[in-house]
Amino acid sequence: MEQTMRPAIPGSPPRKRGQPQQEYIDLLAERRQSSDLRWAAREWYSKGNYKYGLQMEREEVLSKVMQSDRVKHTISWLVNEGMAHDMLVAEAEGILEQMAHTQKLAIIRQFAFILPKIMKKIYSKVLINEEGIEKLRSTLVETPVILLPTHRSYADFLLVSYIAYHFDLPLPVIAAGMDFMGMAIVGEKLRGSGAFYIRRSFMDNTLYWAVFQEYVQTLVECTGSPMEFFLEGTRSRSGKSLPPKIGLLGCVAECWLRGRVPDLAVVPISISYERTLEEKLYAYELLGVPKPRESTSGLLKATRILKEKYGNIYVNVGEPVSVRGFLGPRVDRHLSASIPSHLAPLTKNELCACEALGCHMLRKIQLGGVVSVWSVVCVHLICTLWAQCWSLPFKVLLQEVSWLITILEKIGGNIARQGSVEEDIICSLEVHSHVARLGEDGVVYIQQVHQPDQQTVLSKDKKINLSSKTVELAVTHLMLQHYINHLLHLLIRPALVAHALVSLGAQTKASSLELLQSRFVFLRSFFGYDFIFEKNMEGRDFMEGLSVLTWSGEVSVIQGCAQMMHQANSLITLLLALLKPFTLTYSCAAQTMASQEWLDNGALVVAVQQSIERSLCKTTLYSALSLDTVRHAVRAVIRIGAVTKRKGINDQTVLTPDQQKIASITQVLQQTSTTALQPKL
Amino acid sequence: MASSATLRLSVIQRHLSSQRREEVSGDGQGGVGVEERCGGARRGCEGVVWAATGGGERQDGQGSDNNPLPSLPRRRQEVLKWNGWGYKDSQFVVHKEKDYYVSFTGNRYKIGNLVLPHFANWVRETLGVNFDDCTPPQPPPQPQHFPQPTIQQDFLDEIQTLGITHSLEGEDRLFRAHGHTLAEIFTLREGMFPRIPDLVVWPKNHSEVEKLVDLACRCQTALIPFGGGTSVSGALLCPEEESRMIVSLDTSQMCRILWLDEKNLTARIEAGIIGQDLEKQLHVRGYTTGHEPDSYEFSSLGGWVATRASGMKKNIYGNIEDLVVQVKVVTPVGTVERYTAGPRLSAGPDVHHFILGSEGTLGVITEVTIKVRPLPIIQRYGSIAFPDFASGVSCMREVALHRCQPASIRLMDNEQFKFGHALKPPTGLLGLLTDGIKKVYITRIRGFDVNLMCVATLLFEGCEQEVTSQEKRLYAIALNNKGIPAGEANGERGYMLTFVIAYIRDLGFDYGIVAESFETSVPWDRVYTLCHNVKHRIKSECKAKGIQHTFVTCRVTQTYDAGACVYFYFAFNYRGLSDPVHVYEEIEGNARNEILGCGGSISHHHGVGKIRRQWMNQTFSEPSLGAIRAVKQYFDPDNIFANGNLL
């Protein structure tokens, strides 16, 4: 790593994104002063109920669903297909019974008693922007609200409900995966706190789909209870946003699209953990060790986490987004307004608009996230590892971290600052001492997390595709990468512009902005599964990225041409370095797929991962092994049409490579790695 | 303070003086005289009773036995307000004594000459009106203030030769430059239209219209037909970019009933007749058309046809398209008519439907054969109270399902119900007592919430037996839907208020309130959500624009087999806004977007005019609009009828 002073950053930031630093208050501060029991038993009623909402008992909701046009129609359609009416009714009732939530204040109170106890033990602070809460409250009165929290950990699950209890907000109903339901006691407790259970995939089950839609829409339209679900569908192991799942979002948006509610508000909630409970588990999962099934005994085993420290949680309740305002200009509601609404499934265009809404919300969620100082520290720790060192002087780390924090703040990142940078780094090293610790000699030592003898995490029956030597090193890399990923969304635009510049050879000659933008647009869409961008915002994203580079003084734009400046390019160097694990994964994926015809299944993913492992003898980019990125890369190669799909035996999809296209992709991806970035004097 | 008091005084002064003038000029006119004059003369005769008299013999302003004087003079501004709704002698006035109170002047309406003790308070609370802060309208323009007319000399010379009545006077031109949308009335009160008709002509019959249209084609002038002038779609506004002379063709002098055919129950009538005159004259003969749009005091037969009007009692008599048997229309390529009077035809697309709803873009409707019915033996009002709007809607739906609608059935929402109460005149001790008992009954015993309940008003027509059985059936359905009968008086008041409510806007203007109404039609399954969503949308748009005081209300005014007509009233306090008309138009535009998104239509009976043109492509597909364009192109290739409506 360079050890020279970073150049001072000239000029002003390209734009001021977001609000002035928000006020965060600590939920636990009060709890540490008073009795948890009294807190859980206090007089409680919600303030901010939907003004047109009806109080409906569970039974009323269920019978309304069963009596709905949609469910009745679906049943009679299936009867025509030759199924028995009574059986279908019984099946529908069974589905509902399994799905539906019950919300009992008593159970919420139990959680309100237990959760603070746990949280006080493992977290130092749970910080939340109170302003967002009050805005949410006033929105809840006006329109039905959809809450979209990030999903980084199981801890997310009841956090929003607990916050609602804390602030006397109406309690949300929460869409949960069926896997939770199996957990003894806990499954039913969650149901009692407002969770309803849905199967993981049911698109082909007509009756299930009808019952599910009707249930969700009845809750939204009639009760106006806030509806909470995870836009990303599952916990993001990598720490990056996952592509939005639009099933549930489309389902609730349909309430507005079919004119049954005047508007819906979607509220992004960004939950940022300084240390993720599952960090280690995720690292193994991303390498290919399957996650354990949710079980209560597993949960109890996890109680060892109670002995550790997990730092702070930041919860940012974002500005509500009006569904009408967002979808309104993108859809033509009148076109389907003359069809009975239960017979008018979402049109292609409407689904597309919902997807755009999903991406828009993810962007809002990202911008509301608070980046921990640890994330910034990780950037420099991983760079150290890439240089094949396992330690670095604290002084250097401090310098590097301070520099990057300045940049991140200027491009609009919210950095979780408590004291001076030095104090914050020391603090975060204490929380993450199992990964890196500060020695008394003023040197930061990176720890090897994986202990070869301690095989408990690796399940015995499942074979691991990677060598144990690789796993040994990769776990640490992936744990660092997890936190780096928390801040990548801030840097990805300038990083892709930088990559485009370098791949066009702009360090030696100027390159026209049109050419640069079209290269950027290609990269943006190619990496679109890994980094979520808003739809139809190519131009804005390009300008954002380019302006960061020009403002940092590392790129100049003259007469419609961009060129890299020759003196200093520490930012560009860093940006390109951060992209490297991804470009490596993507080019390995492309090359693997070019090597032969593949069936579109797990074998391909494994093969790509192994090809990455092979290439690691040349580099040390172990985080490239992440299966998450491998899967995204395979999908990306398919999406841009570098392979052609056809149906093979047993209806399996066969992927045939288009060598020319793949070659050109690899070229675009690899130019940074082949062309050395040498400042010329 | 002092200045606003003087302003207020000057307004009252103007109100008083205009009333006095009215009393003088109104002498010798009005409905009673007319009825007496032709009272029952040929009642009982069969066959054609009113033979057509030869065109053009009648002197202006004078009646004959066959053709009684119209209720409105040719110079309508003598009787009607030049810058507001309706008769000059009828209006809401604010008085100040210990406190402010409101009354309604004149004796044309039941509410007339009555003090309305609750109204001032309602206005203050709902719309935040400060009665000390009054903005009176500008005085009538001086002759030099009217836009200079564009004169096509050949045209003018020729109509003088032909002896067609005409006027170049500013007042006459201005009166025909507008309808009654909020924007138009606001312009009259505060400014001036950039373009008004250059000339007004009053043809007396079909043949004069033919001559005028022919002349307009030869001289390349624009013609804008003008009937009752009650349009609420901007249809009468002169397109600013029109460089030719614009001639307003006022049909008011074509107002005779040419004949009445009692065997077939049809009547041939000139299209310029206004509703009240048509009904008065038919009543004398023992008949009615049964067509009663809310504007029927002033709107004309031709206007109804041109806008596809709908009447309150359409359940019995049908809408205008059901009533019309034949029409005669002068277009630039000739006269459009269907020769047969057969009750139904299978002869290709019905040419009448080119004309119905053409909004003056194709030609001038001169004569209409329309169905008439014997007058009903009795009329009875009724009302039903519902605990909430949803129950009311489901009752309306059930009534439509069983097709047992009375002549009229309308459901007002809670806001309108409360508004109706605010307009109650003072009641005597007995009145208070019965009112009190009713309130106790409804709120305590039936458990209705005064802030949720709503009321349906009913009008029954027929013979005693029919009405009684209809009532029985209807109240049974109401009961099914948690509704309870709420008396005749409530019903009657509801219908009376329909006519009076149009006068309130002019009062509102004085105190910083703008108000407007708009309507739609919507399938049954979406009636409730449409009402709910549109009201919510309006309120949230207002909130977003920083408007604090709003009044939004709706009523379901018509029921059909497949849906209903919904009518919205919307008012807000615009103090503090620089351009209330623009703000209003934006909000109404968004309300219309919401309506279409919720499955409602562009309009049920107000028409498209200019202000709703932008939603035509969400109403019809492109080829459908192309067909409308092609029809226009065929009938009027030179765009003589250049009012720019529809497309």
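Biologist: In this predicted model, what describes how helix H13 and helix H18 of chain B cross?

Modeller: Two packed helices are described by the angle between their axes and the distance between the axes. For H13 (residues 389–401) and H18 (residues 527–544) of chain B, the axes come within 10 Å and cross at roughly 145°. The crossing of H13(B) past H18(B) is right-handed.

Biologist: How do you know that H13(B) and H18(B) meet, and which residues are involved?

Modeller: Contact means heavy atoms within 4.5 Å. Phe389(B), Ala390(B) and Val393(B) of H13(B) meet Val527(B), Tyr528(B) and Cys531(B) of H18(B). By class, this contact has six nonpolar residues, with no polar and no charged ones.

Biologist: What makes H18(A) roughly perpendicular to H23(A)?

Modeller: The axes of helix H18 (residues 394–410) and helix H23 (residues 570–595) of chain A come within 12 Å and cross at roughly 90°. Angles of 65 to 115 degrees count as roughly perpendicular, so H18(A) is roughly perpendicular to H23(A). Trp403(A), Leu404(A) and Ile407(A) of H18(A) make the contact with Ser570(A), Leu571(A) and Leu574(A) of H23(A). Five of these residues are nonpolar, one is polar and none is charged.

Biologist: How do you know that chain A and chain B are in contact, and how many residues does each give?

Modeller: The contact takes 18 residues from chain A and 18 residues from chain B. The two chains bury about 1,400 Å² between them, 45% of it on carbon and sulfur atoms. In chain A, the residues losing the most area to chain B are Pro262(A), Arg324(A) and His334(A), together 38% of what that side buries.

Biologist: What makes the phi of Leu265(B) worth noting?

Modeller: Most residues other than glycine have a negative phi. The phi of Leu265(B) is near 55°, a positive value in a residue other than glycine. Leu265(B) lies in the loop between strand E8 (257–261) and strand E9 (266–270) of chain B.

Biologist: What is the phi of Arg308(B), and where does Arg308(B) lie?

Modeller: Arg308(B) is not a glycine, yet its phi is positive, at about 55°. Arg308(B) is in the loop between helix H9 (301–307) and helix H10 (314–317) of chain B.

Definitions and conventions:
Residues numbered from 1 in each chain as written. Chains lettered and ligands numbered in written order. Predicted model: local features only at pLDDT ≥ 70, side-chain atom pairs only at ≥ 80, totals over all residues. Heavy atoms only, no water. Buried area = accessible area lost by both parts, 1.4 Å probe. Axes fitted to C-alpha atoms, helices over the stretch in contact; angles between N-to-C directions. Helix = DSSP H or I, 4+ residues; strand = E, 2+ residues; numbered from the N terminus. Parallel < 35°, antiparallel > 145°, perpendicular 65-115°, else oblique. Nonpolar A, V, L, I, M, F, W, Y, C, P; charged D, E, K, R; others polar. Left-handed = near helix turned anticlockwise from the far one by under 90°.
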